[in-house]
Amino acid sequence: MVDFRLLKKVEQEFNIGENSLRSRSRLAHIVVVRHAVNNLLRREFGYTYAEIGRIMKRDHATIIHSTKQHSTGWFQYEDTYSRMLLLFADLILLRKGNIKRYSIEMCEDEIAKLTSLIASSKAQLERVKRRSRTLNAKK
């Protein structure tokens with residue numbers, strides 16, 4: 001099961017109140033972080049929807065919805081998710097068994113991959129914004 005220190009670390013990093021991730025709060029900044037955490041636990045740590053639901057005090061269907069929201073609205077979450085990936089890069093790499101010990105080159109490679117991902121996401125966001133402006137102008 002997940003170490004709840006992970007959730008505490010996220011709450012501290014994103015400056016949200018203690019236990020806010022597991023609360024019923026629907027404040028936008030908390031929801032964005034909560035969706036990103038759900039996606040992180042699913043994609044990077046390999047938890048099932050039911051396991052994440054137990055951790056986050058939600059039904060598994062809510063977690064499924066949350067991960068879909070995250071993937072369809074990626075541009076809303078990219079900065080939050082990228083910060084989490086960097087925050088937990090060591091745990092993710094260890095969990096996946098990709099490293100046995102750290103080296104500067106390995107960390108630089110991971111940072112380069114994340115930077116590339118952020119750049120491509122920003123480019124995609126710009127395309128979506130341009131398309132949206134074009135469609136709005138035609139109305």
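Of the contacts in the chain with a separation of 6 or more, 61% are accounted for by residues 24 or more positions apart, where contact means heavy atoms within 4.5 Å. The model behind this is predicted, so to speak of local features a pLDDT of at least 70 is needed, side-chain atom pairs count only at pLDDT 80 or more, and totals for chains, interfaces and linings use all residues. Residues are numbered from 1 along each chain as its sequence is written, and side-chain values use heavy atoms, with hydrogens and water left out.

Let's start with the overall layout. The chain holds seven helices and zero strands; helices (H or I, at least four residues) and strands (E, at least two) are DSSP runs, numbered from the N terminus. Of its 139 residues, 35% count as buried, meaning under 20% relative accessible area with a 1.4 Å probe and protein chains only.

Now look at helix α4 (residues 60-72) and its packing against helix α2 (residues 28-43): their axes lie 9 Å apart, at an angle of about 100°. Axes here are lines fitted to C-alpha atoms, for helices over the stretch in contact, and angles run from 0 to 180 degrees between N-to-C directions. That makes α2 roughly perpendicular to α4, a label for angles of 65 to 115 degrees. From α2, R34, H35, A36, N38, N39 and R42 meet I63, S66, T67, Q69 and H70 of α4. By class, this contact has two nonpolar, seven polar and two charged residues. Ala, Val, Leu, Ile, Met, Phe, Trp, Tyr, Cys and Pro count as nonpolar, Asp, Glu, Lys and Arg as charged, and the others, Gly among them, as polar.

Helix α3 (residues 49-56) also packs against α4 at an angle of about 100°, with axes 8 Å apart, and this makes α3 roughly perpendicular to α4. Here Y49, A50, I52, G53 and M56 of α3 touch H60, I63, I64 and T67 of α4. Those residues divide into six nonpolar, three polar and no charged.

N38 is buried, with a relative accessible area of 3%. Not counting residues up to four places away in sequence, N38 touches I52, M56, I63, S66 and T67.

Definitions and conventions. Angles under 35 degrees count as roughly parallel, over 145 as roughly antiparallel, 65 to 115 as roughly perpendicular and the rest as oblique. Buried means under 20% relative accessible area, exposed over 50%, partly exposed in between (1.4 Å probe, protein chains only).
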